Amino acid sequence: MSSISHSAPTSAVKPNLHKTLFATCIGNALEWFDIAVYGFFASYIAHAFFPTSDPSVSLLLTFGSFGVSFLIRPLGAIVLGNYADRHGRKKALLLSINLMMLGGAIITFMPGYTSIGLAAPVLILLARLIQGFSAGGEFGSSTAFLVEHFPERKAFIASWQFATQGASTLMASAFGLGLTQILSESQIQDWGWRIPFAFGLLIGPLGIYIRRHVHEPASFAQQQPEAAPLKRLFGRQKELMLLAIGLMVISTAVNYMLNYVPTYATKTLHLPGSAAFSATLLAGVILTVVTPLMGLWAEKVGRVPLMWGSLILLLVTIYPAFTLVVNHTTPLTLMLLVGWMALLKSVYFSTVPSVMADLFPIGTRASGMAISYNIAVTVFGGFAPLICTLLISATGTSLAPSYYLMAVALLSGIALVRSKQRLS
């Protein structure tokens with residue numbers, strides 16, 4: 001018996017564009033807001049939950065917990081993606097946003113190391129694991145939900161998935177900049193860093209309400225659910241997953257480099273925190289505004305030209321851009337670097353969700369996208385701040401992050417060549 005026996009009437013319901021966008025993107029926004037805030041306030045979180053005699057070790061432990069939490073994302077992708085393909089996109093979206101809120105609540109209200117000792121870092125890690133598991137299924141389910149509701153506008157509609165990530169970066173940066181202007185350093189350290197996490201909790205109930213009142217896409221509701229999507233995916237569609245991972249790696253690497261900017265700017269370049277948050281605020285504006293515009297442009301000129309243009313520009317300009325910032329370290333050069341990365345990311349970002357959706361058939365789409373996306377995010381994104389911190393320490397050069405970005409850009413270029421026949 002079909003596990004979506006109640007969904008037949010949904011095929012007659014004409015979806016509302018704005019309601020569908022809001023319902024799917026709010027969970028994505030909450031996910032990335034919490035991730036960005038954790039990255040932006042890493043030095044404060046390190047002091048509160050991972051205190052050691054060496055600040056660099058505390059920071060490494062904080063970014064280590066940031067990265068380790070991503071190890072569970074593929075598991076979340078498998079469980080929640082499979083759930084979405086078998087029982088419906090809507091149920092999976094409701095489950096993921098509830099789990100996100102639980103993890104956010106733990107981080108918001110958890111006492112520091114001085115109050116509860118080793119329980120503090122352990123419970124913070126648990127919170128990040130819950131959020132990582134939840135985020136593992138969010139992208140695949142929500143992107144499938146969007147493109148299946150509006151297949152004729154897939155490039156534009158799916159670009160909003162990453163535009164909301166830009167909006168989340170924008171909000172997180174605004175909190176960072178505002179708190180550095182309003183509160184003293186000690187106030188931020190004592191309690192101020194918790195404010196943006198508390199704000200994130202306010203988004204969740206609205207998202208839950210909206211998601212309860214949306215319908216399954218007609219194309220999904222009218223077909224018999226795949227009995228064993230994971231078996232089919234790992235049995236016959238392994239190449240599709242490899243292509244999807246390859247296409248995603250540069251996108252996620254740049255994204256997490258932007259989250260790493262406040263720490264890079266203050267700890268490595270020794271710029272003030274206000275300069276770092278101003279730069280990420282600019283990145284948030286660019287990602288929010290430019291990404292959907294690029295989605296519209298992709299409908300006119302095609303997705304592949306935009307992907308190639310952004311990849312080639314990143315390969316030839318990222319090293320000179322980092323060299324400029326390292327040799328002429330000012331708030332202005334930092335903003336130029338961040339703004340340029342955000343612009344190139346917006347061009348490439350706008351195309352990736354719909355391209356990944358096209359790689360997989362409906363029966364395995366949520367699982368395939370979720371697993372591919374989260375492997376890429378885990379390996380090349382979640383550990384990017386830690387990798388860059390280690391590279392800087394090992395090489396002794398502040399240019400090390402540019403080496404990492406060029407390497408992953410080459411990987412995405414190879415994947416684009418191999419998948420070109422499947423794209424239009």
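1. Let me start at E299, which counts as partly exposed because its relative accessibility is 34%, between the limits of 20% for buried and 50% for exposed. Please keep in mind that this is a predicted model. E299 forms a salt bridge with R153, and the closest N and O atoms of the pair are 2.9 Å apart. E299 lies in helix α14 (residues 273-301) and R153 in the loop between α7 and α8 (154-182), so the bridge ties together parts that are 146 residues apart in sequence. R153 is partly exposed as well, with a relative accessible area of 32%.

2. How accessible are the two partners? K154 is partly exposed at 28% relative accessibility, and D358 is partly exposed at 30%.

3. Since R365 sits in helix α18 (residues 362-382) and E148 in helix α7 (residues 119-149), the pair ties together parts that are 217 residues apart in sequence. The two also belong to a network of salt bridges that links D85, R89, E148 and R365. In general, side chains of opposite charge can pair when their charged atoms come close. For the overall count, a search of the whole structure finds seven salt bridges.

4. On to the rings. The whole structure holds eight aromatic pairs. In one of them, F33 and F199 are edge-to-face, with 5.7 Å from centre to centre and 65° between the planes. That angle counts as edge-to-face because it is over 60 degrees. F33 belongs to helix α1 (residues 17-40) and F199 to helix α10 (residues 194-212), so this pair links distant parts of the chain, 166 residues apart. F33 is buried at 0% relative accessible area, whereas F199 is partly exposed at 29%.

5. Another pair is formed by W193 and F197, again edge-to-face, at 5.9 Å centre to centre and with 85° between the planes. Going back to F33 and F199, they form one aromatic cluster together with F175. There is also a charge over a ring to look at: R128 lies over the face of Y38, at 5.0 Å from the ring centre.

6. Where is the nonpolar interior? The largest nonpolar core has 79 residues, and F322 and L405 have the most contacts inside it. Helix α13 (residues 238-268) gives the most to this core, contributing 18 residues. If you select L405 and leave aside its neighbours within four places in sequence, you will find it in contact with I250, A253, V254, M257, L314, I318, F322 and M341. Apart from this core lies another, of 25 residues, and Y38 is among them, as are I106, A127 and I188. In soluble globular proteins, nonpolar side chains tend to be buried together.

7. T24 is a polar residue to look at in helix α1. Its relative accessible area is 0%, so T24 counts as buried. What lies 2.9 Å from a polar atom of its side chain? The backbone oxygen of T20 does. Beyond its neighbours within four places in sequence, T24 is in contact with L93, E138, S142, F145, L146, Q161 and R211.

8. Lastly, a backbone point. H270 has a positive phi of about 60°, although it is not a glycine. This residue is placed in the loop between α13 and α14, and H270 counts as exposed because its relative accessibility is 64%.

Technical notes
Residues numbered from 1 in each chain as written. Predicted model: local features only at pLDDT ≥ 70, side-chain atom pairs only at ≥ 80, totals over all residues. Heavy atoms only, no water. Phe/Tyr/Trp six-rings, centres within 6.5 Å; stacked < 30°, edge-to-face > 60°. Helix = DSSP H or I, 4+ residues; strand = E, 2+ residues; numbered from the N terminus. Buried < 20%, exposed > 50% of the residue type's maximum accessible area, 1.4 Å probe, protein only. Lys NZ or Arg CZ within 6 Å of the ring centre and 35° of its normal. Salt bridge = Lys/Arg side-chain N within 4 Å of Asp/Glu carboxyl O. Core = buried A, V, L, I, M, F, W, Y, C linked by side-chain atoms within 4.5 Å. Contact = heavy atoms within 4.5 Å. Polar contact = N/O pair within 3.5 Å; in protein donor to acceptor, adjacent residues only side chain to side chain.
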